[in-house]
Amino acid sequence: MPYDPAQPMKDRITDIGPAHYEQFFPEIVKKNYGKWDYHEILEPGVLVHHSETGDELYTVRTGGTRIMSIIHIREICELADKYCDGHIRFTTRNNIEFLVADKSKLRPLINDLKSRGNKFPIGGTGAGITNIVHTQGWIHCHTAAVDASGVVKSIMDELFSHFGNMALPAHVRIAVACCLNMCGAVHASDIAIVGIHRKPPMVDEEFISKVCELPLAIAACPTGAIKGVKKEDGSRSLQIDNDKCMFCGNCFTMCPAMPMNDAEGDGVAILVGGKISNRLTKPQFSKVIIPFIPNEPPRWPTMVTAIKSILDAYAADANKYERLGDWAQRIGWERFFEKCDVTFNDKVIDDYRFAYPSWRQSTLFKWTD
Amino acid sequence: MPKHDTPLLDELESGPWPSFVTDMKLMAEKNEMVADLLGLLELSYKDKVGHWKHGGIVGVFGYGGGVIGRYADRPDQFPAAAAFHTLRVNQPSSKFYTTEYLKNLCNIWEKHGSGLTNMHGSTGDIILLGAKTEELEPTFFDLTHELDTDLGGSGSNLRSPSCCVGKARCEFSCLDTQAICNDLTNEYQDELHRPAFPYKFKFKISGCPNDCVASIARSDCAIIGTWKDNIRIDQEAVKAYVAGEFPVNGGAFSGRDWGPFDIEKEVIDLCPTHCMSWNGSTLKINNRECNRCMHCISVMPKALRVGKEQGASLLLGAKAPILEGAQFATLVIPFMKMQAPFVEFKEFIDKLWDWWMEEGRNRERLGELMQRKGLQELIEVTGIKAVPQMIEYPRENPYIFWKEDEVEGGFTRDIHKFRKEHSM
């Protein structure tokens, strides 16, 4: 029986959690669980995992758009039914993984994927660029300072050769967050694009005392820039000290009557040098190297050019296995700006509370032109 | 004929990367909500600002999370996208699917919503994007009845735990990541659906220190696989790598000619603890000095394997910058065996959550509480042992908060007695 609005509690099921993962494992995964011995990347986007049992599991990784219709999902299913015994997997970076146990189906699958225009690009493995993790952007979020899907499409079109190749010094992880809330691991990416606001919130006097808990909005400000005021008519409102605002948007999260979005004020900052893996060096945060680029929909050309320039400099200069941030630290950030042809801007010098250790406390610097 | 002209979005249909615009246009032919969403998005591309209202309180009965309310601010122009709520649907651990499951999911979503999804959202859930308010309960009903699948977390709840591919298809994994992820998700269903925390809480489980789910950067509690014994070495395979018989790093660098593999330069010298040596025929690892960074294993996966005595390192307190800056997770327990039903782990989490729920301020993440109250207090309330592995370096200031019972004779002293010996 379907849902009956007249009896909402009838046959209600709650608190059952996700569908159990084991039912989705291909037979070869069930059989070789915990027995995988080693893997090889046969060509960009195509992996084989060898088991102690002698079994081999092939994976074809293709890029996916995070926003995806049921039409596209059904097409993925059609492919998986034909070549993968009805099994499919998604990665944490929105890639699609076609799992092939029968080697004779591998080449036909690859040919089929390649025949479908730009829908299923194969790649995203090894020392290249894999899919960009991103947030919702203008397509579905109220705090977004930039779109996300369109930014990702623009960057991936430009850097596409690196998706299907493994010629970089190490893998480069790119992420896009459409505001400082960063609903993705943007803060620890090789290259991160973050939507930022540059105008303080407006106070909507008509609604603010009706829709907001004013003390929560005041408390939400990390710099104490918001204070409560009593107006002549006795009603209460908020006042912003614009000089103290760092445009984090936390007040707007607490109070809908303090909108920040603005066509001229909003844009992106570019951060680089973050990583998550513990390989060779510790995890690192990404650092702001370009404080602002205006929004240029639909293809954000200035931003895309800047990213390309950073990536090209890294590709030409870094050592094998060296992540972008490790390269920048080895050559020194002053040299990094020079090599990437990024104009140094005083806005990238930290001036928030914990800034001091980020300034140079030594005479160990290099000369630049 | 499309309902709205979208000249700016149309420019995102060309190029080699898949186009979300092309996909949405196909969906728009079947569903007017998507047609109006495209119109709304085109308006944003023209205006350079978003057109969504702030939040909106909607949900399914009895849950305080799993649904995000979303209303367009131009319902006059785009009525079919006026209410466009999100359902977070708890993904199966590691995101393996059968096509049967996905097709059923598509059928449910075709019936009740816009037909747009995210596969997947940042936290890991399947995101169903675009439900009208009256369709929320029927969608939830069908998900639970037909797919045996529940909603995920949102708001000040436990968020849907997520994990890497683990032992299902990775030789590096030291953990049964799916088993841990699935068990914790089911154990804490109440915390996931009903907000009782100061703020969000995330568990993420990675099978090894390569951390493919970014747990160290993104989760309040990161469970990262590791091992205590020795890296397993196949000396013949090492020789084969040196002889150039196998591609290094599983072929991850094969797109460029980096020259022949040089084990001294690429492994021995790069080892961060310099605990390896190579004499031309034998690779030696001083495992006691190894910090398990995974580089040598990643470079020569056919020759080197993680150890057999496997468990997890637990790290706490990661978060994105809002509010006082980003934090990575801090190591608090270097090694814990992770075997079902994970009793030791859950006892630790109970104590941790008691502390956070007692002391945490509104919207204070665990990592911010740790920053405010100190690692010592966390050590004390959870009863874990202070060990040097927890710190990067010892404190550089001598401002130690001695407690009265730690100081001989206590804190109470007699000023009159003191003055008899020391005039003012």
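User: Hi! How many residues does the contact take from chain B, and how many from chain A?

Analyst: The contact takes 133 residues from chain B and 135 residues from chain A, where contact means heavy atoms within 4.5 Å. Please keep in mind that this is a predicted model: local features need pLDDT of at least 70, side-chain atom pairs count only at pLDDT 80 or more, and totals for chains, interfaces and linings use all residues. Residues are numbered from 1 along each chain as its sequence is written, chains are lettered from A and ligands numbered from 1 in the order in which they are written, and side-chain values use heavy atoms, with hydrogens and water left out.

User: Good to know. What area do chain B and chain A bury between them?

Analyst: About 11,700 Å², with 61% of it on carbon and sulfur atoms. Buried area here is the accessible area (1.4 Å probe) that two parts lose on being put together, summed over both. In chain B, the residues that lose the most area to chain A are W17(B), H54(B) and R169(B), together 8% of what that side buries.

User: Which helix gives the largest share of the side of chain B that touches chain A?

Analyst: Helix 4 (residues 99-112) of chain B, with 8 residues. Helices (H or I, at least four residues) and strands (E, at least two) are DSSP runs, numbered from the N terminus. The residues on that side of chain B divide into 61 nonpolar, 42 polar and 30 charged.

User: Which strands of chain A and chain B pair?

Analyst: Strand 4 (residues 67-69) of chain A pairs with strand 4 (residues 116-119) of chain B, in the antiparallel sense over 3 bridges. Two strands pair if DSSP finds at least two bridges between them. I67(A) stands opposite N118(B) there. An open sheet of 5 strands runs in the order 4(A)-4(B)-5(B)-2(B)-1(B), with antiparallel pairing. Strand 4 of chain A and strand 1 (67-68) of chain B stand at the edges, each with a single partner strand, so one side of each is left without a neighbour in the sheet.

User: Nice. Switching to chain A: how many helices and strands does it have?

Analyst: Chain A has 11 helices and 13 strands. Buried residues make up 58% of its 369 residues; buried means under 20% relative accessible area, exposed over 50%, and partly exposed in between (1.4 Å probe, protein chains only).

User: Why is helix 10 of chain A largely enclosed?

Analyst: Because 6 of the 8 residues of helix 10 (residues 324-331) of chain A are buried. They are L324(A), G325(A), D326(A), W327(A), A328(A) and I331(A). These buried residues pack against strand 9 (191-196), strand 12 (267-272), helix 9 (301-317) and helix 11 (333-340) of chain A. After helix 10 of chain A comes G332(A), whose phi is positive, near 95°.

User: Back to charges. Which residues are linked with K119(A) in a network of salt bridges?

Analyst: E75(A), E78(A), D112(A) and R116(A) are linked with K119(A) in that network. The side chains of K119(A) and E75(A) meet at 2.9 Å, N to O. The two are 44 residues apart, with K119(A) in the loop between helix 3 (106-114) and strand 7 (133-134) of chain A and E75(A) in helix 2 (residues 70-83) of chain A.

User: Is K119(A) buried or partly exposed, and is E75(A) buried or exposed?

Analyst: K119(A) is partly exposed, at 30% relative accessibility, while E75(A) is buried at 12%.

User: Last one: where is P161(B) found, and what does it touch?

Analyst: P161(B) lies in the loop between helix 5 (136-146) and strand 6 (162-163) of chain B. P161(B) is buried, with a relative accessible area of 1%. Leaving out residues up to four places away in sequence, P161(B) touches Q91(B), C181(B), T185(B), L192(B) and F203(B).

Notes
Nonpolar A, V, L, I, M, F, W, Y, C, P; charged D, E, K, R; others polar. Salt bridge = Lys/Arg side-chain N within 4 Å of Asp/Glu carboxyl O.
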